[in-house]
Amino acid sequence: MANLLLYATEWNPQLFREVKGRFKRLPITIAVTASLAIQGLMLLYFWLQLPPRYYTYHRYYPNPNGKVGGSQVLDALGHPMINWSVWWADIFQSLSWLLPLVLLTAGSYMLISDLAKEEKQGTLNFIRLSPQTSQSILLGKLVGVPLLPIVTVVAAVPFHLIAGLLSGAGFGTVLSIYLLTIAACAFFYTTALFFVLQGATQPSIGPILVVGAYFFFALSYHYSYDNSYYEYYWWHGQWFYVWLGESLLPTVGFGVTILVVGTFWIWQAVNRRFRNPNRTLISKTQSYGLTACVQLFLFGFVLRQTSPGFEHSWDLMALLGMNLVWFLIIIATLTPQRQTLLDWARFRYVSVAEPHYHSRSSTKRSLRQELLRGEDSPAVLAIAVNLLIPIGLFTPWILSWLSPDSFRAAPQLRAFGSLVIFSLFMLICAVLVQLILLSKFNHRGDLAIGLAAGIITIPPLLLALLHVYGLGSIASALWLFTAIGFIPLLAQVVSPLTVFFSLVGCLGLFSLLTQRLVYRLHQVGASEFNLMTADR
Amino acid sequence: MPKELAISTRGLTKQFDRQIAVHDIDLHVEAGEVYGLIGPNGAGKTTLIRMLATSEEPTLGEIYINGERLLRDQSNPSLKRQIGYLPDDYPLYDDLTVWDYLDYFARLYQLREPRRSQRMREVLELVQLSHKRHSQIATLSRGMKQRLSLARTIIHEPLVLLLDEPVSGLDPIARVQFREIIKVLQEAGMTVLISSHVLSDLEELCTSVGVMELGYLVESASLDSLFRRLSRQQIVLSTLGDLEALKSELKNCPHVEGMEVLTGTPKVRVHFSGTSEDSAELLRSLIYAGIPLTEFQPTQENLETIFLKLGHQQAS
């Protein structure tokens, strides 16, 4: 054991430092004592919940059908018989909610507080300059900083195990709780680090987020007390034709997978930011993988058994609605800031117009490679590639839709039309945001957010207020130029000709804006170059 | 044969928005040198040092440490082990003891036992903090904290030491102690780049100096060549006899370029362009001429005078 600890501390110096700072007799004693005291209080509370003698019906009385609750039955000694497994199941369930809550709230609070303090003092910078990898340092922080809540919770594990065993909950159920807790800790702790590296300093964000997530789960929780007292699952539905919420394995598997994949991507961003705080959250190359993951996640919900005659267009509408939010996130994440873009524009200008001037490894890459994979280049092409991912994923599904009946004309064609018009709208947004971030306005970041929010919300609201509806009317074509242009298209309230002209219009607008962006980049590239070389 | 370059930059530039903090700098520091970086506040010294320490990303240009290209985005473990960086503010962990603090950084820099403990003892001895090894950092004086920071900076035996204003805010005794430590490190073969406002300290420590102004490196030369080029030799003479007789005798010497009488004293300061032999010859001629000399003291202009002569403004 000592050797193992020695090895762990040699392997991860950050973990060593955190453990050494926290593994002191007094705090550990307090943590363990508090844990034991709370366990005692819980046991006392549930003991007091046992029915008094005069109760004829109670939750803890045995039921001959194996359900929860029954009438009073006296044993040979004249005492009411208690269904102890239900009693233990209640303790088990309370602990199963409480233990992760303690770990997640206290842990995320401590992580944000610790890292924000180090960032503020400047000590984090020294650690950054050391030859340790960012993974090793962050992992040390993740495991070491929440040491006291971990000790508190681990001290309650035997009680939890006993409660699980005596309640009759299977080994799988108990194990699933530990698995989900570990996965949730990984997710929320990494998210806590993410917030700090994004500039957050208020440690209460962590617990607020955790409690918010708890409420979300608690509200959507489904207790199925009729069959058995320990089967309680969240949300019934299908994901890639698999029923979730029906049985343990797929439900826990789904939860753990989502948390692990989520942790993986946040970890990527945290690593990048830790190594270099000026970089975008994720690289262009990473964004393709991330978008593919998100699309697969969303797509899973529409791949389900449906009743005959089901309108798939509604599913596509929901998918595009979600993607509206997703691609705004992608635009915000990938679009580089003005200074980054100025540097890039200068390098491009130098490599194209003044190739003799400087040689830089990245300028040897072709423009296409730069735009697809480069760190500092404009993100429009990368966003376009990201937009191709849902198109590629949804196409086989759309083609598999049953042939249209006589009433609804060509739903597949309309589905593709909606994908194209949605993508064009997002691209227009991307170029606009990039143009604003390239401008010299003082608050260009806020302006870009405001403009993106404005062009998404204001036109549909305006059209709705003006009551611009109606099949085939020219005015209704205006809807196609809004963020939710795919809705009238899929709902078949605009004529094909209108759709065609709207597509041409969007394409025209997009190419105009792109030309403007290219011109501006060339312009600033040249002026930046001249500024740098003016004094030589 | 030219010495190997410990630090070399090519076209190093850093721009913050429209302001260029460091402008196209080609810095060359030979291995084993103590290179002093001087210049007024805002000249770009700290930005330059931060870029060399990978704490800041250059807008343009390349950095080579011992011939190897330094890139910020890569983890560069072997290169990072070659660099020790002490910023002008030196944040510490107040909750740790001196020993635990050094132990933590020794582990971060992958020092293994028994070398780790041995190195920690060596470093503590060098910075004269052995007696404080079990003290909490919060209880140390400013000078001790500064020396502990230096100990942290050199714990992994870096080849290149980057010190940004290391003596600012220290009292004279602490400054002397610090200077002594730097000399020991230089003797141990470390290359030291040090920025400071205290030119007398640099004059004593450095083998080369670079002058930065408005982001440019306007001067970079060995201290010897700088003195040869820019520091005039002076001789201070005093006599018991007539000052006019001394002055007329001095005028006969072709190497005397000018002289001034130091007010209130029977002393003359002579600007002398000759060699040591020439000054010996002057002394001999004055004695032959029967001038009752009580003082003949050849001196050189100091770094501060040279700095001002270069037309630069020292901020403090």
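How many salt bridges are there between chain A and chain B? The count is 3, where a salt bridge means a side-chain nitrogen of Lys or Arg within 4 Å of a carboxyl oxygen of Asp or Glu.

A few ground rules first. This is a predicted model, in which local features need pLDDT of at least 70 and side-chain atom pairs count only at pLDDT 80 or more, while totals for chains, interfaces and linings use all residues. Residues are numbered from 1 along each chain as its sequence is written, chains are lettered from A and ligands numbered from 1 in the order in which they are written, and side-chain values use heavy atoms, with hydrogens and water left out.

**The interface**

Chain A brings 37 residues to the contact and chain B brings 39 residues, with contact meaning heavy atoms within 4.5 Å. Together the two chains bury about 3,600 Å², of which 49% is on carbon and sulfur atoms; buried area is the accessible area (1.4 Å probe) that two parts lose on being put together, summed over both.

One of the salt bridges joins the side chains of R17(A) and D95(B), at 3.5 Å from N to O. This pair crosses between chains, from helix α2 of chain A to the loop between β7 (83–86) and α3 (98–108) of chain B. Helices (H or I, at least four residues) and strands (E, at least two) are DSSP runs, numbered from the N terminus. Over all chains, the whole structure holds 32 salt bridges.

On the side of chain A that touches chain B, the elements giving two or more residues include α1 (2–11), α4 (84–121) and α21 (496–533). The largest share, 6 residues, comes from α5(A). By class, that side divides into 10 nonpolar, 13 polar and 14 charged residues.

**A surface patch**

Y7(A), W11(A), L139(A) and V143(A) form a nonpolar patch on the surface, with about 440 Å² of accessible area together. Patch members have over 30% relative accessible area and no salt bridge, and nonpolar side chains are joined within 5 Å. Helices α1 and α6 (134–144) of chain A each supply at least two of the patch residues, and L139(A) lies in α6.

| Residue | Feature | Place in chain B |

Note on methods. Ala, Val, Leu, Ile, Met, Phe, Trp, Tyr, Cys and Pro count as nonpolar, Asp, Glu, Lys and Arg as charged, and the others, Gly among them, as polar. Patches are made of residues with over 30% relative accessible area and no salt bridge: like charges are joined within 9 Å, nonpolar side chains (Val, Leu, Ile, Met, Phe, Trp, Tyr) within 5 Å. Accessible areas come from the Shrake-Rupley method with a 1.4 Å probe; for residues, only the protein chains shown count as cover.
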